[in-house]
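Let's take a friendly walk through the aromatic rings of a protein model. Have the sequence and the 3D view ready, and look for each residue as it comes up.

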Amino acid sequence: VQLVESGGGLVQAGGSLRLSCLASGTIFSINTMGWYRQTPGKARELVATITAAGTTNYADSVKGRFTISRDNAKNTGYLQMNSLTPEDTAVYYCNANLRVVFGGTEYEYWGQGTQVTVSS
């Protein structure tokens, strides 16, 4: 199983980016998907999560600006980021809790990260 992020890049303050996370491999079901971010010298922090049923949770710092979504048929998660500020600059990581077989153990997987840089 692999999680591959895409959509990062350089954007000016006030701009938007859309991150995607494709889960590939032998997958039976994906429970919660999430996005986290990390800057040098700091711990990785939660940005947003979404359950298989579509229940979402956001960090206070991104509420009203970021929207997490997913396409269960495509095993893909998304993070729409609007009104970006330089404080949003970080490496963004995709996270998923999934089962590879029916009734199997749920495991946590991480993507390799994608850089988001917001210039002032």
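F102 counts as exposed, with a relative accessibility of 70%. Here buried means under 20% relative accessible area, exposed over 50%, and partly exposed in between, using a 1.4 Å probe and protein chains only. This is a predicted model, where local features need pLDDT of at least 70, side-chain atom pairs count only at pLDDT 80 or more, and totals for chains, interfaces and linings use all residues. Residues are numbered from 1 along each chain as its sequence is written, and side-chain values use heavy atoms, leaving out hydrogens and water.

How many aromatic pairs does a search of the whole structure find? There are 2. Rings of Phe, Tyr and Trp (its six-membered ring) pair if their centres lie within 6.5 Å; planes under 30 degrees apart are stacked, over 60 edge-to-face, and the rest tilted.

One of the pairs joins F28 and F102 edge-to-face, at 5.5 Å centre to centre with 75° between the planes. F28 sits in the loop between β3 (17–24) and β4 (29–38), and F102 in the loop between β9 (90–99) and β10 (107–110), so their pairing ties together parts 74 residues apart in sequence. Strands (E, at least two residues) are DSSP runs, numbered from the N terminus. F28 is partly exposed, at 46% relative accessibility.

Now find Y36 and W110, an edge-to-face pair at 5.0 Å centre to centre with 65° between the planes. Because Y36 belongs to strand β4 and W110 to strand β10, this pair also links parts 74 residues apart in sequence.

Methods
Helix = DSSP H or I, 4+ residues; strand = E, 2+ residues; numbered from the N terminus.
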